[in-house]
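Visitor: I am new to this structure and would like to be guided through it.

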Amino acid sequence: MDISRILSNPEFYNNKDICLRGYFSYNFEDVAIYASQQSLNSSNTQKSIWIDLSDKFDINTINLDEFDGKLVIVNGIFNSKSKGHLNQYKGTILVTSIVQL
């Protein structure tokens with residue numbers, strides 16, 4: 001699913017299992033998926049969704065630093081009420097898997 005669909009109507013996708021394509025940021029106080037490379041480069045959090053890792057995600061089998069700045073697909077449950085770090089994101093996805101394209 002294109003991230004812009006969720007950004008335009010986050011409440012509709014609340015508590016739904018979703019699959020998103022976007023640009024991954026893995027930095028201090030910015031762990032998110034962005035709608036475009038441009039929004040990632042400018043840290044436009046209004047065009048991004050905060051990433052939270054679920055218990056099903058095995059952090060020991062994957063190095064998230066390798067995904068930083070890359071186009072990825074993430075799967076997980078979307079929460080429109082949780083806005084991430086300092087409440088500045090459009091929502092949070094509780095990620096169960098991530099793959100680089």
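Visitor: Which residues touch the most other members of the largest nonpolar core?

Guide: This is a predicted model, in which local features need pLDDT of at least 70 and side-chain atom pairs count only at pLDDT 80 or more, while totals for chains, interfaces and linings use all residues. Residues are numbered from 1 along each chain as its sequence is written, and side-chain values use heavy atoms, leaving out hydrogens and water. A nonpolar core is a set of buried Ala, Val, Leu, Ile, Met, Phe, Trp, Tyr and Cys residues joined through side-chain atoms within 4.5 Å, where buried means under 20% relative accessible area, exposed over 50% and partly exposed in between, with a 1.4 Å probe and protein chains only. Of the 24 residues in this core, those touching the most other members are Leu20, Phe24, Ile33, Ile49, Ile51, Val74 and Ile93.

Visitor: Is phenylalanine 24 buried or exposed?

Guide: The relative accessibility of phenylalanine 24 is 1%. Because that value lies under the 20% limit, phenylalanine 24 counts as buried.

Visitor: Why is the pair of phenylalanine 24 and phenylalanine 67 classed as it is?

Guide: Rings of Phe, Tyr and Trp (its six-membered ring) pair if their centres lie within 6.5 Å, with planes under 30 degrees apart counted as stacked, over 60 as edge-to-face and the rest as tilted. The centres of phenylalanine 24 and phenylalanine 67 are 6.3 Å apart and their planes stand at 85°, so the pair is edge-to-face.

Visitor: Which residues form one aromatic cluster?

Guide: Phenylalanine 67 counts as buried at 9% relative accessibility. The aromatic cluster is formed by Phe24, Tyr26 and Phe67.
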